[in-house]
Amino acid sequence: PIDSLRLYLLMGRELVSAPHASAGSIIGVGGLAGAVRKCGTLSSEPDCPPFEPMRLAGAPIVQVAVEPTDISSLPALEAGLRRLDDSDPALETATLPTGELVLRACGEVHLERCLHDLRTTFAPGVELAISPPIVPFREGLAPEADGSATAATAGRHASLAVRAARLPDSAAAARADR
């Protein structure tokens with residue numbers, strides 16, 4: 001019911017409980033568990049179209065596998081991972097075809113924070129075995145691989161320009177002979 005919702009103003013790192021919020025405020029709404037996953041549109045108008053999901057500047061790049069040290073804790077870990085995934089829009093959790101539970105975060109600090117939250121808030125009491133972090137490296141080849149690309153950090157503090165060109169056949173042959 002709507003009476004059980006709680007409003008929080010996001011003030012830096014703090015959440016401040018509030019009875020109401022004015023237009024333009026950045027807020028959190030408590031009491032939506034099970035009704036909204038990651039993001040949603042709340043409106044007093046039934047015909048309000050949904051807003052687009054948040055677009056995040058980064059994508060998860062660090063992955064770890066997590067498993068309970070006691071197999072009987074598996075359901076509690078799975079439930080905790082679902083709640084952690086719901087609470088963090090930048091986090092991804094998945095169950096691989098092998099049955100392995102993985103957690104993907106946007107960097108080492110984000111991963112540490114997520115693991116801390118999993119242990120203390122979302123799956124307290126579940127002893128975890130965590131794999132070493134994996135950072136996937138993806139590359140590919142194309143027959144005609146000439147091109148260039150430029151990338152910048154989200155804050156535009158650093159950028160990288162790359163130009164890729166196919167080796168001439170003579171250079172490729174000389175390299176193959178080595």
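Visitor: Which residue of β6 stands opposite Ala-94?

Guide: This is a predicted model, in which local features need pLDDT of at least 70 and side-chain atom pairs count only at pLDDT 80 or more, while totals for chains, interfaces and linings use all residues. Residues are numbered from 1 along each chain as its sequence is written, and side-chain values use heavy atoms, with hydrogens and water left out. β5 and strand β6 (residues 101-105) are antiparallel and share four bridges, where strands are DSSP runs of E with at least two residues, helices are runs of H or I with at least four, both numbered from the N terminus, and pairing takes at least two DSSP bridges. In β6, the residue opposite Ala-94 is Val-102.

Visitor: Which strands stand at the edges of the sheet?

Guide: The open sheet consists of four strands with antiparallel pairing, in the order β5-β6-β4-β7. Each edge strand has a single partner, so one side of it is left without a neighbour in the sheet, and these strands are β5 (92-95) and β7 (128-130).

Visitor: Which residues of α2 make the contact with α1?

Guide: Helix α1 (residues 74-87) packs on helix α2 (residues 108-122) at about 120°, with the axes 10 Å apart; axes are lines fitted to C-alpha atoms over the stretch in contact, and angles run from 0 to 180 degrees between N-to-C directions. With contact taken as heavy atoms within 4.5 Å, α1 contributes residues including Leu-77 and Leu-81. From α2 come Cys-114, Asp-117, Leu-118 and Phe-122.
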